[in-house]
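Please read them with the structure open.

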Amino acid sequence: MNTNRSVPRRAALAATAVAAGLVLAAYGSDNTTNTAGAAPATTTASAPSEADRHNQADVTFAQGMIPHHRQAVLMSDMVSAHGASPDVKALAEKIKKAQTPEIETMSGWLNAWGEKVPTGVSMDGMGHGDDSGMSGMMDDQDMDRLGDARGNAFDTMFLTMMIEHHEGAIAMAKTEEQQGSYGPAKALADDIITSQTAEITQMRSMLRTG
């Protein structure tokens, strides 16, 4: 400090220096870039949203499983009027209770991804080719035969068809496990494999025991 300056002047300058020192201490000093007092610049890449972390296998899984589930629900709806066995009726209600909310979940994924949601029990217009042979799906003649059956004959036909239907869903779910990248879709695929494998075992036992 210049000793020729007045005392009040020196006091004011000292106070200013102290204040500047506090500011520098608070913000730091970057000697390498000669930008004292400036916060270091950082660049953070934003993580992709949950909906962005999916691939075409996930889309195909959802677009295929939705109509597949819808047909299972339609088959199960017939049981209350056409079936005879309380065990078959209980199984049908279990299938409907599990698969109906899964349809809503997968429809939500497709909407979030900007992809088409199948209508009815068809993948028409989804860009995956002819879906008439989609794994485990019943054709119109199969559904008509099931609708015409009654009593024990209906129960036997329902169980036989639903086993094939479940096997198709399991095959689709295994493909999703192997090829998909969307975590919730892979988790649902695992649940489908576990639950429907158990139901196939149950249905085969029901067929053996009549």
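1. Buried here means under 20% relative accessible area. W113 has 10% relative accessibility, so W113 counts as buried. Keep in mind that this is a predicted model.

2. Ring pairs come next. Two rings of Phe, Tyr or Trp pair if their centres lie within 6.5 Å. By this rule there are four aromatic pairs. One of them joins W113 and Y182: the ring centres are 5.0 Å apart and the planes stand at 85 degrees, so the pair is edge-to-face. The cut-off for that label is over 60 degrees.

3. Where do W113 and Y182 lie? W113 belongs to helix α3 (residues 86-113), and Y182 sits in the loop between α5 and α6 (183-209). The pair therefore ties together parts that are 69 residues apart in sequence. Y182 is buried too, because its relative accessible area is 7%.

4. F154 and F158 make a stacked aromatic pair, with 6.1 Å from centre to centre and 15 degrees between the planes. Both residues lie in helix α5, four residues apart, or about one turn of the helix. F154 is buried at 0% relative accessible area. F158 is likewise buried, at 0%.

5. W113 and Y182 also belong to a cluster: ring pairs link them with W109.

6. Is H165 buried or exposed? Its relative accessibility is 2%, so H165 counts as buried. H165 lies in helix α5 (residues 151-179). Leaving aside residues up to four places away in sequence, H165 touches H68, Q71, A72, M75, G136, M137 and M138.

Definitions and conventions: Residues are numbered from 1 along each chain as its sequence is written. This is a predicted model: local features need pLDDT of at least 70, side-chain atom pairs count only at pLDDT 80 or more; totals for chains, interfaces and linings use all residues. Side-chain values use heavy atoms; hydrogens and water are left out. Helices (H or I, at least four residues) and strands (E, at least two) are DSSP runs, numbered from the N terminus. Buried means under 20% relative accessible area, exposed over 50%, partly exposed in between (1.4 Å probe, protein chains only). Contact means heavy atoms within 4.5 Å. Rings of Phe, Tyr and Trp (its six-membered ring) pair if their centres lie within 6.5 Å; planes under 30 degrees apart count as stacked, over 60 as edge-to-face and the rest as tilted.
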